[in-house]
Amino acid sequence: MTVGVEDVTVRYGEVTALDCVSLVAESGQVSAIVGGDGAGKSTLLKTLVGRVTPDSGRVVAPGADRIGYQPARGGSWPDLTVAENMAFVAGMYGLSEAGAARRTDALLERAGLAQARDRLSSQLSGGMRTKLEFCLAMVHEPELLVLDEPSTGVDPVSRVELWRLLSETAASGTAVLMATTYMEEGERSSYVTVLEKGRILLEGPPAEVVAASPGVVFTTEKPTRPEFSWRHADGFREWWPVPPPDANHPVDVDLEDVTIVAVLRGEAEPAPQGGSQ
Amino acid sequence: MLEASALTKDFGETRAVADVSFDVHPGEVVGLLGANGAGKTTAIRMLLGLLAPTSGSAHLLGAPPSLRSRRELGYVPQGLGLYQELTVAENLAFAAQAYGGQPAELTGALADAADRQLNGVPLGMQRQLAFLCALQHSPKVLVLDEPTSGVDPLARARLWDTVREQADNGVAVLVTTHYMQEARQCDRLLLMSRGAVVGRGSEADIVGDTRVVLVETVAWQRAFAALDEAGLPVTLAGTAVRVVGVTPERVAQVLGEAGVDGRPLQATATIDERMVLLAMAPSTT
């Protein structure tokens, strides 16, 4: 079964949160949805896991008992210990006591939380709580793991550990889908979907998205095309559809640059409806 | 402008900041990196005069921080430090009064939202307001804690435009961050680990000769599983397998024993991976 959404539109009153968005979460891969606050990431994840019913479009996902989902906030119970959180969620999915204990031991061990079993969730560091929430979402061995901003507020060392856990999960055949505000995480994923104001701005394997970006980007002290330039370190970067005559070496762009270029081009010359670049 | 000299802080037996020296000059943007518990926050609290050093000194505008010199400081905390129950205009007025000045003029979308209670205002606008609150009294030193966390790339570039204008006008800017995209906006970087400064300079200087072992193979799932099973610190980037802190020979051995095809290559580490290695290294103190 290919898991995903097709041409999904979601409106909250006057606001269109998602505008004809399609997405596939392949098993065996970590896919990432990247965007700033309000881009529609959470709505997209909630639509996929069945917490939001789209106004139009199609959702293909396994049943709720085959999905592991962690919302952006409040994914664990602060007044329960790590072990109690695990037992509670395992109970919700109807795991036997022995099965729950076995699964809990294995997951906490993998996540490096075995020593923290008796600590209250509220007393965990951001990195440890994220790992607990990962374990909670994985307790029933779901086919689809969906995490909303698991790395926000998590320090770099814990972030690498989280990526190890996500990598392990994907490598064992689960479809992993995560939302993040950080481009560098989009660059690490197998397939990235960049959302902007409820629409897909860019998508594909990150290296291909970067390679497919049209034109060239230069570093400059004084932008000559203000509508196509942006701040970078102590200078500016500037996009050109073709290199200008006196061009020096263009910059090696990354997903961050390519996203900015796509937004600026969209602002300068609105694309025809349904068209891509 | 902002200067730490042999700055040290002990909490009981624990040395939270150990002999840290650095300075931030006017017009300069310095990025302070490090994992949680590296000592960044403690160092900054001493520089802001919120915490007394155990030894060494923290100077703000050439002297230990005082009520007066702190008026020359602008600070945007990670949580933005705004009051959700107050309106946009009230937040600005409150911040202005704290520095004994008049509130700045609201422009654009913020002006339209002047009388709205903050908790109904989009996060992006709240962030702009937090910057305005920190900048309206024309500070000489600006301290920003993960200033563009949660912001899309273009909005980030625009916020950095604001920060850079300040630096161009001679303001000294210190930024703490966990994220590469923010670190790349800085003029130079400092990396802290276990209370000490362990790296300085550009991104390349900080990573230094730290290498990772990279395995690119169609059998990446099996390669990952084998290396993970062997207890090595392994992650995936796309379908490339990355291992920190081990030799290519060790990786080749594990892959060989598991019967997985794949030739380990060395590649330059990321700053995150450098931090993981620092965290893995046995403590020397």
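1. Basis. The model is predicted, with local features requiring pLDDT of at least 70 and side-chain atom pairs counted only at pLDDT 80 or more, while totals for chains, interfaces and linings use all residues. Residues are numbered from 1 along each chain as its sequence is written, chains are lettered from A in the order in which they are written, and side-chain values use heavy atoms, with hydrogens and water left out.

2. Salt bridges within chain A. Taking a salt bridge as a side-chain nitrogen of Lys or Arg within 4 Å of a carboxyl oxygen of Asp or Glu, the count over all chains is 23. One of them pairs Asp105(A) with Arg117(A), whose closest N and O atoms are 2.9 Å apart. This pair links distant parts of the chain, with Asp105(A) in helix α3 (residues 97-110) and Arg117(A) in the loop between α3 and α4 (126-138), 12 residues apart; helices here are DSSP runs of H or I with at least four residues, and strands are runs of E with at least two, both numbered from the N terminus. Asp105(A) is partly exposed at 40% relative accessibility, and Arg117(A) is partly exposed at 28%, where buried means under 20% relative accessible area, exposed over 50% and partly exposed in between (1.4 Å probe, protein chains only).

3. Glu168(A) is buried, with a relative accessible area of 11%, whereas Arg110(A) is partly exposed at 28%. Salt bridges that share partners join Arg110(A), Arg164(A) and Glu168(A) into one network.

4. A buried pair between the chains. Arg156(B) and Glu256(A) meet in a salt bridge at 2.7 Å, N to O; because Arg156(B) lies in helix α6 (residues 153-168) of chain B and Glu256(A) in helix α8 (residues 255-268) of chain A, the pair joins two chains. Both partners count as buried, Arg156(B) at 2% relative accessibility and Glu256(A) at 5%.

5. The contact as a whole. With contact meaning heavy atoms within 4.5 Å, 38 residues of chain A and 41 residues of chain B take part. The buried area, which is the accessible area (1.4 Å probe) that two parts lose on being put together, summed over both, is about 3,500 Å², with carbon and sulfur atoms giving 54%. In chain A, Arg188(A), Arg231(A) and Glu256(A) lose the most area to chain B, together 18% of what that side buries. Six salt bridges are found across this interface, including that of Asp254(A) with Arg184(B) at 3.6 Å, N to O.

6. Helix α1 of chain B. Six of the eight residues of α1(B) (residues 40-47) are buried, so this helix is largely enclosed by the rest of the structure; among the buried residues are Ile44(B) and Leu47(B). Gly49(B), with a positive phi near 80°, follows α1(B).

7. Strand β10 of chain B. Counting two strands as paired if DSSP finds at least two bridges between them, β10(B) (residues 211-216) runs antiparallel to β13(B) (residues 264-268), with five bridges joining them, and Val212(B) stands opposite Ala267(B). β10(B) also pairs in the antiparallel sense with β12(B) (residues 240-244) over five bridges, where Val215(B) stands opposite Val241(B).
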